Each structure stands twice: as structure tokens, then as C-alpha cells.
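Dear colleague,

I am handing over the structure that I have been looking through, and you will find it just below.

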Amino acid sequence: MAIKVKTVNKISEKGLQLFDERYEVGENVENEDAILVRSAKLHDYDFPENLKAIARAGAGTNNIPVEECAKKGIVVFNTPGANANAVKELVLCALFLSSRRVLEGIEWAKSLKGDDYAKQVEAGKKAFVGPEIDGKKLGVIGLGAIGVAVANAAVKLGMEVHGYDPYISVNAAWGMSKWVRKASTVEEIFKECDYITIHVPSTPETQGMIDEKAINLMKSGVHILNFARGDLVNEEDMIDALRKNKVARYITDFGSEKLANTENVVVMPHLGASTPESEENCATMAVDEIREFLENGNIKHSVNFPSVVEPRTTTYRLCIIHKNIPNMLAKFAGTIAKKDMNIENMVNKAKGDYAYTIIDTNDLSEDITKAIEKQEGVIKARIIAKVVF
Ligand SMILES: NC(=O)C1=CN([C@@H]2O[C@H](COP(=O)(O)OP(=O)(O)OC[C@H]3O[C@@H](n4cnc5c(N)ncnc54)[C@H](O)[C@@H]3O)[C@@H](O)[C@H]2O)C=CC1
Ligand SMILES: O=C(O)CCC(=O)C(=O)O
């Protein structure tokens with residue numbers, strides 16, 4: 001029987017080609033084992049009983065009900081860093097667009113008519129003067145894959161870069177230019193910087209972080225860039241601040257009709273990750289994650305379950321998704337012993353309220369998954385036989 005993968009958005013062919021002949025892949029697939037998605041919202045999606053994994057070909061997972069998936073034993077993956085360069089390049093483009101009034105100038109140049117075109121240009125261009133970014137202060141909120149790439153590039157462009165991230169990872173810190181100054185509070189960024197760019201996920205903590213209170217702390221004429229998520233910025237407060245010229249420019253990848261028609265706002269149609277390179281990187285990583293999980297039970301880059309990657313050394317692998325509560329391992333070992341199966345290797349890791357256990361064995365008792373699933377605290381169990389080509 002084929003392994004079924006449903007694509008909910010258009011996914012790069014380069015990634016899809018990595019599924020071999022055992023897979024049935026497409027948008028019309030039903031009762032799927034896995035879903036591949038980009039930005040489509042899955043909050044109202046009726047997940048089939050058979051569904052084991054969802055891979056988000058991208059970074060943000062706010063379009064997926066991650067906690068509900070954990071409760072049902074559905075592992076949600078994303079592709080950290082795979083589209084960071086694409087977003088960084090668009091943010092740099094936005095930095096320049098926010099400073100120099102290039103877009104308005106281009107529109108005006110199109111509207112000019114007559115033989116004295118050059119004369120009209122020279123007379124009118126003063127309306128489109130905008131400052132240089134060299135030497136200006138850039139505040140980067142969120143120093144993950146994208147934030148660090150933006151901060152490092154801005155340093156090279158001559159900006160004085162200030163970064164804020166109370167949860168920065170060791171890897172991100174290793175990759176960051178020594179010239180990026182550490183802000184201890186986000187208010188420091190608000191007060192100090194001429195340009196502010198946000199690169200945090202949308203969470204209850206970050207939603208609405210750029211609101212009237214935050215904007216009031218900022219310099220008059222601040223330029224704000226949002227290539228992370230629309231709900232990080234309170235739209236009404238932003239429009240009000242733009243009308244009062246407190247905010248000089250707002251450039252965002254996440255617009256609305258109202259925002260797009262507000263002066264000094266540039267709305268892009270969620271283009272941050274829209275490059276062939278990024279689409280291929282994300283699809284390739286997402287397909288690899290799904291295959292590793294479905295074929296080997298290995299979990300890489302999940303947002304709701306721990307990372308567990310173990311080489312296959314035995315004929316069978318028992319994969320158990322369960323609650324992170326005491327005595328689970330003892331219960332698994334007891335059930336397996338009763339079935340006369342011998343454990344060759346066992347790994348257990350937890351993340352928050354959930355845990356994952358891999359048990360490698362060379363023996364198989366047919367109803368072992370049923371016996372394991374009967375135990376309180378177990379969400380899902382499956383056995384995978386090693387495929388020898
Ligand atoms: N416009 C687009 O097409 C794209 C947008 N994105 C958005 O950008 C976000 C960031 O992407 P990546 O850098 O790849 O993710 P990442 O996970 O590598 O980095 C996010 C960083 O935000 C930090 N953070 C979390 N809460 C924070 C807070 N309250 N204050 C300061 N820092 C905080 C984390 O510690 C982490 O370092 C994504 O979650 C997504 O929403 C990502 C890719 C494409
Ligand atoms: O797939 C896309 O085009 C959007 C990318 C994105 O927003 C993300 O990775 O968080």
C-alpha cells in the first residue's frame with residue numbers, strides 16, 4: 001500500500017522528486033499519512049485518523065494548530081533557516097525602499113509627459129529625497145535565522161546594529177557579527193533606533209508588540225519593517241502613528257486593504273520566501289523530515305515533539321508518542337517482556353507535556369502496538385520494519 005502525502009500548497013518539484021515510488025503524493029490524496037504545507041491555514045482542517053506528520057515548508061507554524069496536533073500524536077515539523085536568506089534579501093530591499101522614496105519617484109516618473117521630460121525630472125525630483133542608511137541605528141528584534149542574517153548584512157552596509165532576543169540560541173549567537181550591540185530590553189531598541197525590523201514568531205507573547213505604547217517610546221520619524229507576521233503590529237495604532245508622522249514609513253509583507261492604501265506604507269504580498277532557491281530548500285528539507293519520520297521514526301526539527309534521531313540497527317522499530325508522565329518506560333518494557341520480545345536499543349526524550357520513545361528490536365509480536373496503545377498516557381504507537389533494497 002502506498003504511503004500517502006497530501007500537498008496543501010504548491011510545493012517545489014525539487015522537493016517532491018525526493019519521494020520514491022512507494023509514495024502517492026498530490027493535492028487530491030485522501031486519508032493521508034502526512035501533509036506538506038506552506039502558508040495555508042490548517043486550523044479548521046479535519047485531520048484524518050491516519051495522519052502522522054505535518055511538515056511546514058517554511059519557518060512560521062502559526063497556520064497549524066500545533067498543540068491540538070500534539071494531543072492527537074501528529075508530529076509538526078518546520079524547516080528552520082531554509083528561507084532565511086530569501087527573507088534577509090527582501091528586508092534589505094525594504095530598508096532601502098523605506099529610506100529613499102524610490103517607489104513614489106518611479107510612479108511620478110511614469111506620469112510625466114512631453115519633450116521637456118528631463119527638465120521636469122530635474123525640477124521635481126526634490127520631492128523624493130530620502131536619507132542614507134549608512135551610520136544609522138537599526139534595531140533587530142528576534143535574532144534567529146533571519147534576524148541574525150539581517151543584522152550581519154546591515155553591519156556590512158555601515159549601520160550601527162542593535163539586537164534584542166532574550167531567548168537567543170547558542171547557534172544564532174555563534175553566527176552573529178561581533179559588531180551587533182546587545183540590547184537588554186526591547187524598550188532600548190524602541191528608544192534608540194532609527195530603523196526597527198521584527199523577526200520573531202507570532203505567539204501570545206509577541207502579538208501586538210508594536211502598539212501605541214511601543215511606538216510612543218520610539219524616535220519621531222522611525223522606519224518600521226515587518227517581515228515576520230501581521231499580528232505583531234497593532235494596525236490601528238500603526239495607521240494613527242503614520243498619520244501623525246511619528247512613524248515615517250511602515251514596510252510590511254503582511255498587509256490589509258486599509259494598510260495598503262495608507263500613505264507612507266508599502267505592502268508586499270507575502271514575498272519574503274518567494275525565491276526558487278528558498279522554495280527548493282524548504283521543500284527538500286520538509287520532504288526529508290517526513291521521510292525520516294515515516295520510514296525510520298526519526299524526528300528532526302519538530303515544533304511539538306523532541307528531536308530523536310537514531311540510526312537503524314535492528315529489523316523492527318517501535319515508535320511511541322506519549323504523555324510526559326512518570327513510569328511510562330517501565331510499562332513499555334514490561335509489556336514488551338510479556339510478549340517475549342528483546343529490546344536492543346531504547347531512547348526516550350520529552351518536550352513539554354509530550355514525549356517520544358523509540359524501541360529497537362529484532363523480534364515482532366503482532367499485537368504489540370495494540371498492547372502499548374492500551375496503556376494510559378500513550379497517544380499513538382506504530383511499528384516500522386526496516387526496508388532492505
Ligand atoms: N515574510 C516571510 O515570507 C517569512 C516570514 N517568516 C517569519 O519570521 C519569523 C522568524 O523566522 P526565523 O528567523 O526563521 O525563525 P527563528 O526561529 O530562527 O527565530 C526567531 C527568533 O525570535 C526569538 N524570539 C521569540 N520571542 C521573542 C521575543 N518576545 N522577543 C525577542 N525575540 C524573540 C527567538 O528566540 C528566535 O531566536 C517566523 O516565525 C515567521 O513568522 C519566516 C520566513 C518567511
Ligand atoms: O511559504 C511562504 O511563502 C511563506 C514563508 C513564511 O512565511 C514562513 O516561512 O514563515
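Around ligand 1 there are 34 residues, and the closest of them are Gly60, Gly142, Gly144, Pro201 and Gly272; a residue is taken as near a molecule or strand if its C-beta atom, placed from the backbone, lies within 6 Å of it. The elements that contribute two or more residues to this shell are α3 (84-99) and α6 (145-156), and α6 gives the most, with three residues. Helices (H or I, at least four residues) and strands (E, at least two) are DSSP runs, numbered from the N terminus.

Before going further, please keep in mind that this is a predicted model, in which local features need pLDDT of at least 70 and side-chain atom pairs count only at pLDDT 80 or more, while totals for chains, interfaces and linings use all residues. Residues are numbered from 1 along each chain as its sequence is written, and chains are lettered from A and ligands numbered from 1 in the order in which they are written.

Sorted by class, the shell around ligand 1 holds 18 nonpolar, 12 polar and four charged residues, where Ala, Val, Leu, Ile, Met, Phe, Trp, Tyr, Cys and Pro count as nonpolar, Asp, Glu, Lys and Arg as charged, and the others, Gly among them, as polar. At least three residues of the shell come from each of domain 1 (1-83 + 276-305) and domain 2 (84-95 + 131-267), with bounds that come from an automatic or database domain assignment.

That assignment also gives domain 3 (307-389). The centres of domain 1 and domain 3, taken over C-alpha atoms, are separated by 23 Å, and 11 residues of domain 1 are in contact with 15 residues of domain 3, contact meaning that the C-beta atoms of two residues, placed from the backbone, lie within 7 Å. The side of domain 1 that touches domain 3 has three nonpolar, six polar and two charged residues.

Finally, there is an open sheet of five strands in the order β2-β1-β3-β4-β5, with parallel pairing; two strands pair if DSSP finds at least two bridges between them. Its edge strands, each pairing on one side only, are β2 (23-26) and β5 (75-77). Strand β1 (residues 3-7) pairs with β2 over four bridges in the parallel sense, and within this pair Ile3 has Tyr23 as its bridge partner, whereas Lys6 stands opposite Gly26.

With best wishes
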